[in-house]
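Please keep the sequence and the model in view while working through the points.

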Amino acid sequence: MKPLKSLKIVSIHIFIYAGALLTVAPFLWMVLTSLKGLGEILAYPPTFLPETFHFGNYVEAFRTASFGRYYLNTFIVAVSCTLGQLMTCSMAAFAFARLRFWGRDALFLLFLGTMMIPGQVTMIPTFIILYWLGWIDTYWALVVPGLASAFGTFLLRQFFLTIPRELEDAAYIDGCSRFGVLWRIILPLSRPALATLAIFIFMYFFNDFLWPLIVVNSEEMRTVQLGLAVFRDRYLTQWDLLMAGSVTATLPILLVFFVAQKYFIKGITLSGLKD
Amino acid sequence: MQSGIPPTKMDTSKQRNRRQKIRFYRREGMSAIFFLSPTMLVFSVFILFPVLFSFYLSFHSWNMFSSERTFVGLENYHHMITNPEFWQVLKNTAIYTFATVPLSIALALAVAFFLNKKIIGKKLLRTAYFTPVIVSAVAAAVIWRWIYDPSFGLLNYALGLIGIAPINWINDATAAMAALIIMGVWKSLGFNMVLYLAGLQGIPEHYYEAADIDGAGGWLKFWRITVPLLGPTTFFITVMSVITSFQVFDIVYVLTHGGPMGATKVLVFYLYEHAFKFFNMGYASAAAYVLFAIIFIFTLLQIRYGRSKVHYTV
Amino acid sequence: MKRTVVLMMMLLLLWQSACQKGEQDRGSRTTVVFWHSFVSSTIPAFNKLLQRFEDEHPDIHIKAQYIPSGDALIQKLITAIQSNTAPDISWIHADYLEDLVTADAIYKMDAFIQGENGLSEEEMSDIYPSLKQLSSWRGTLYSLPMEATNLGLLYNKDHFRQAKLDPEKPPATWQELKDYALKLTLDKDEDGTFDQLGFFVPIYPASGPLNGWMVWQWFPYLWQAGGHVINPEQTRVLYNEPPGVKALTLWRDIYKALNLKTFTTDYDIAFAAGRVSMAMDGPWNLPRFNKMLKNMDWAIAPLPQGPEMKATVAGGEYLAIFKQTEVPDAAWTFVKWVIQPEIQAFWSIESGYLPIRSKVLEIPAYVTYLDENPNLKTYVLQLEHSKAPRPFDYYNMENTRAMAQAIEKATLGDVDPKAALDEAAVKINKLLKTVERN
């Protein structure tokens with residue numbers, strides 16, 4: 001190997017590792033803080049590693065509320081929304097990327113446009129509709145509005161556009177239906193995009209605070225993020241407990257991401273096209 | 001391959017059977033209804049209707065508690081554009097957006113590009129870069145507040161170690177905006193990186209091989225192959241980043257509270273306080289539509305710009 | 001494909017089981033839904049209170065639902081009212097009392113007080129007047145206080161000793177406050193920034209959620225200087241007159257002298273870390289500090305006296321009964337029960353909040369408890385000169401914002417206190433002129 005090339009490789013590694021360290025530092029700090037006693041949290045200059053590992057914060061945080069139940073609710077909602085949205089978004093994205101129909105571009109712009117209105121002003125009408133449907137304080141209220149999204153449709157459409165048509169044409173000639181083409185050809189080819197979208201949707205619903213806050217009243221329906229709010233009053237923040245709670249709320253998704261990486265990175269994308 | 005909203009004409013492959021094609025296209029309208037109906041059902045009830053309703057509200061005065069809504073015409077819009085605070089807020093939002101979006105996209109592309117190469121510990125690195133996306137906005141803002149804190153903060157301590165004088169991240173107008181931007185880039189970098197990584201998977205290896213044969217260098221390949229072929233991804237990322245940056249709220253709400261003296265007050269924060277502090281949903285809705293108009297114009301510009309770029313067909 | 005189907009089935013099962021759990025535990029008792037925002041450290045005490053109520057009223061079940069305080073509570077109330085799903089009782093805040101009343105969402109308290117199971121005039125007059133002012137809008141009572149709070153001076157006795165000040169003699173006047181603040185401010189490592197701060201002046205962004213908290217803490221200084229928030233007719237604000245200017249100048253002087261701009265705003269944490277010697281604080285923090293500050297010699301003192309008088313600011317949590325309720329009588333039973341002297345004493349001991357009426361101070365057990373808990377006692381003794389920044393019936397939120405801006409500009413910024421207050425007053429007076437009064 002030429003020395004110049006190995007120098008380049010080393011510098012790339014340094015750049016990428018330094019960046020990663022900077023990026024992950026706040027989260028690491030959060031984890032370390034959550035393991036410190038309050039006295040140590042307040043020390044200045046700050047200590048890096050906890051003097052003694054203080055798991056009491058976790059115990060205390062979990063004792064304060066029924067987090068087990070909150071996790072169950074959150075998983076139910078996040079998984080339902082993820083599956084539902086993958087379905088609706090890939091169908092809609094297929095229509096926008098592959099079909100020609102009257103008003104397509106205008107409809108697509110309308111989709112994009114709705115994302116530009118902040119949720120803070122649409123919250124109340126949405127709530128009232130759910131009330132009419134009798135869904136307040138149920139899973140329906142948490143899940144159904146999340147079954148479609150302009151974001152997901154937009155994302156998948158952009159990816160579908162990058163898939164060459166040759167494969168589909170062949171399938172059509174073989175007598176495949178449009179749904180068949182979507183299911184058997186486009187979706188398998190879009191695995192990285194679908195996996196990416198899946199983690200985004202899952203994460204969004206896992207971390208959502210405002211919407212569950214509005215539609216949930218009873219203790220049994222609460223989600224993890226609502227549970228964490230109890231540590232953060234208007235006037236005071238219980239740092240130690242909030243940190244411990246936030247770390248436990250972050251770890252599941254981090255784990256999902258770590259494990260699911262292969263799906264959206266090492267996709268079998270376009271391998272059929274290499275000639 | 002096209003970036004942006006594609007011209008409706010599809011590529012015409014000559015080998016294709018013409019007659020079959022005509023028959024097929026005729027049924028596209030019906031198919032479209034089938035493919036769009038699940039989304040449209042949910043979309044029109046839970047997204048479109050509330051959006052249109054808030055448009056209606058923007059011409060009214062409504063405190064949200066009562067059932068009474070008074071029609072006020074364009075008064076909300078008029079008040080807004082004659083209010084100097086609104087223009088200040090708009091300026092703050094623009095500063096935040098135009099600093100965060102390019103920084104985040106450029107860094108994300110660089111990181112994704114390198115992570116797509118032979119790097120030791122890829123899995124761990126990807127997870128590291130993605131972590132900020134996963135941490136909920138509130139938890140993230142809480143930890144950053146702690147990091148930025150002038151008395152206890154890690155950041156000033158770390159800066160002190162390398163000989164930089166403490167920066168007043170919370171109480172100095174410029175520094176507070178910088179603090180927001182740093183956090184904004186931090187939070188969105190991993191999101192854009194993942195999208196770029198997925199986009200990079202879609203670039204067939206043979207393009208690079210062909211370039212190698214022509215003797216093209218690394219930079220040239222990056223600019224001539226990677227960047228153009230990532231067109232649709234970049235378009236998506238730019239549109240989404242502009243939308244989310246113009247709508248930045250959570251981190252402002254928890255990190256700076258819009259201070260000091262309004263220096264980090266952004267548009268959604270502004271409309272939020274009009275809605276839930278002064279209980280004027282009509283005015284808040286009007287502000288939302290001004291925001292909409294601004295983002296919409298930007299998106300149209302991006303579509304135009306995206307279209308004029310060279311398209312590569314596979 | 002197969003995996004997806006299996007996943008869907010599992011999900012359905014989960015939905016089923018999760019839904020059923022929620023349906024249990026509904027007896028034949030009347031259920032009263034109660035929205036509150038008690039912080040996690042108060043929840044155990046609150047649960048004891050509810051237990052005691054249900055023991056005494058076996059036919060009523062209080063379904064307490066925690067709502068994060070501040071904006072979350074407002075948003076929940078708005079959507080609930082719009083959709084007819086309001087709770088039976090809720091905590092409310094004086095800031096949006098006006099909106100609740102004009103939307104016809106809550107009962108006048110007289111509807112219950114004058115009723116069969118009502119309260120006598122004697123009982124009503126026993127409640128501290130400032131708390132009644134805070135529960136009223138345009139002279140009509142729309143809620144009742146559940147507990148009282150006020151503002152005292154939290155101070156670190158060790159710091160006093162180190163500075164050769166008498167730890168049993170906290171500052172009693174403005175002059176002393178200023179002198180002590182300077183004496184207690186130290187740059188221990190001589191690096192040019194203060195490591196220990198004599199007195200924390202609570203400055204928060206006027207645009208943020210803590211602006212009301214900042215203004216609330218400034219009111220006592222306005223009154224101590226002999227000032228008023230607004231004239232009795234509520235046509236003109238008065239805080240830009242000389243007393244107000246004096247009060248803001250005091251804050252500004254200390255803020256600038258101590259260079260508070262470069263200091264944290266998390267005063268409670270800073271106090272616990274031994275980096276703040278004096279700060280204002282309220283009784284709700286007592287349970288937490290008792291636990292957190294075990295290794296520190298600290299105490300609560302009354303707020304220092306101003307040039308004109310002693311004063312602190314009154315606050316509390318107020319219970320309103322919503323018109324959408326189907327069980328107004330059961331709801332009232334709870335509200336009436338919770339303000340009984342014995343219950344107030346019980347609640348104060350358990351939670352650290354202050355009682356809302358003076359009769360409680362005649363209960364021997366409570367008096368003994370206070371003697372054992374001098375910090376709580378200090379707060380309780382201040383109830384007498386707790387004042388309410390009310391009535392302020394119109395544009396209250398706008399006024400809070402304007403005052404917060406003035407305070408921020410004069411301390412964090414470099415605007416002259418008089419000019420800053422004038423600007424706020426002009427703005428609010430203009431709004432007050434537009435009010436239609438009848």
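1. A residue is called buried if 20 or more other C-beta atoms lie within 10 Å of its own, exposed if 12 or fewer do, and partly exposed in between, with C-beta atoms placed from the backbone. By this rule, strand S6 (residues 144–150) of chain C is mostly covered, since 7 of its 7 residues are buried. Helices (H or I, at least four residues) and strands (E, at least two) are DSSP runs, numbered from the N terminus.

2. This is a predicted model, in which local features need pLDDT of at least 70 and side-chain atom pairs count only at pLDDT 80 or more, while totals for chains, interfaces and linings use all residues. Residues are numbered from 1 along each chain as its sequence is written, and chains are lettered from A and ligands numbered from 1 in the order in which they are written.

3. Which strand of chain C pairs with S6(C)? The partner is strand S11 (residues 312–321) of chain C, in the antiparallel sense and over 6 bridges; two strands pair if DSSP finds at least two bridges between them. Within this pairing, Glu147(C) stands opposite Glu317(C) in S11(C).

4. Between chains B and A, 88 residues of chain B are in contact with 81 residues of chain A (contact: C-beta atoms, placed from the backbone, within 7 Å). Helix H2 (residues 28–57) of chain B gives the most to the side of chain B that touches chain A, namely 19 residues.

5. Between chains C and B, 28 residues of chain C are in contact with 23 residues of chain B. On the side of chain C that touches chain B, the largest share, 5 residues, comes from H3(C), a helix spanning 71–82.

Note on methods: Contact = placed C-beta atoms within 7 Å.
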